[in-house]
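These are my notebook entries on one structure. I record what I looked up, entry by entry.

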Amino acid sequence: MRLPPGAASCCALTFDFDAEEVWLGEDPANADRPGVLSQGTYGARVAVPLILETLRRADVRATFFVPGRVVERHPQRVEAIVAAGHELAHHGYRHVSPTRLSADEEADEFGRGLLALQRFQPVIQGYRSPSWDFSPNTLGILAANRIVYSSNLMDDIRPYRHPNQGVIELPVHWTLDDAPHFWFAADVWSKAIAAPETVAQIWEGELEGIRTLGGACILTMHPQITGRPSRLPLLQRFVERVRAHGDIWLATCGAIAAAVD
Ligand SMILES: [Zn+2]
């Protein structure tokens, strides 16, 4: 990997802008449940502007993975993300796992998602599946559509190229995700919501470990989760911690993928 001078590792801030689609993709009957969907509406209505403001103040560019249907439902938000200089990347059309789709359905969903995004950013380089999971056809679809990188698998801490297809993988992990720590669902009342300070410790510990090993720290957040008022300072603190190390290259996924040999 070709890191900038002085850098020993790298880090990307990523946001999966799921809005209502994470519930609709799981079960279309949720279209009749405004209370359920309002959790995602918060992401579009309130959280994205707050996150964009936090990123602006920190002067950092992030990567936003957006399903095509969210692009269609919230075009002004996508416009604002691009206008602020952030990267758009593919996150499906509906929020449905590729493992639940036939080969034709998956190719169709991919094409529709890509078209929706390209109205706002002509070149789309990255893909994160709605489930962090691949079907047997996914990598072929990415290669056929000239997608440069995927950010889905948990099998490394360093970017690498998939054999045969040449698609670059920017590995992720549940540790570096906001959902396992903060996600609450009313059907599982036993799930506790973590304190931001606890998550800061987990994220920063993983950041430091990946830095020591010269890897790529790909942090996955969701506007409707990290965009809660108590958690925005967590994002700000994380950026400050990355910068304080002095040798971590903070960049978009697209920029990091472009530096992979
Ligand atoms: Zn998602």
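This is a predicted model: local features need pLDDT of at least 70, side-chain atom pairs count only at pLDDT 80 or more; totals for chains, interfaces and linings use all residues.

Entry 1. Is arginine 243 buried, exposed or partly exposed? I found 14 C-beta neighbours inside 10 Å of arginine 243. A residue needs 20 or more to be buried and 12 or fewer to be exposed, so arginine 243 counts as partly exposed.

Entry 2. I then looked up where arginine 243 sits, and I noted that it lies in helix H10.

Entry 3. Next I examined how helix H10 (residues 232–245) packs with helix H8 (residues 196–213). Their axes are 10 Å apart and form an angle of about 25 degrees. Angles under 35 degrees count as roughly parallel, so H8 is roughly parallel to H10. I recorded the crossing of H8 and H10 as right-handed.

Entry 4. Which residues meet in this contact? From H8 I listed Pro196, Val199, Ala200, Trp203, Glu204, Leu207 and Arg211. From H10 I listed Pro233, Leu234, Arg237, Phe238, Arg241, Val242 and His245. I sorted the residues of this contact into nine nonpolar, four charged and one polar.

Entry 5. Finally I turned to the largest nonpolar core, which has 64 residues. Cys11, Phe64, Val66 and Leu219 touch the most other members. Helix H2 (residues 34–58) supplies the largest share of this core, six residues. Leaving aside residues up to four places away in sequence, I noted that cysteine 11 touches Leu207, Cys217, Leu219, Val242, Ile248 and Leu250.

Technical notes:
Residues are numbered from 1 along each chain as its sequence is written. A nonpolar core is a set of buried Ala, Val, Leu, Ile, Met, Phe, Trp, Tyr and Cys residues joined through C-beta atoms within 7 Å. Helices (H or I, at least four residues) and strands (E, at least two) are DSSP runs, numbered from the N terminus. Two residues are in contact if their C-beta atoms, placed from the backbone, lie within 7 Å. Axes are lines fitted to C-alpha atoms, for helices over the stretch in contact, and angles run from 0 to 180 degrees between N-to-C directions. Angles under 35 degrees count as roughly parallel, over 145 as roughly antiparallel, 65 to 115 as roughly perpendicular and the rest as oblique. A crossing is left-handed if the near helix is turned anticlockwise from the far one by less than a right angle, and right-handed if clockwise. Ala, Val, Leu, Ile, Met, Phe, Trp, Tyr, Cys and Pro count as nonpolar, Asp, Glu, Lys and Arg as charged, and the others, Gly among them, as polar.
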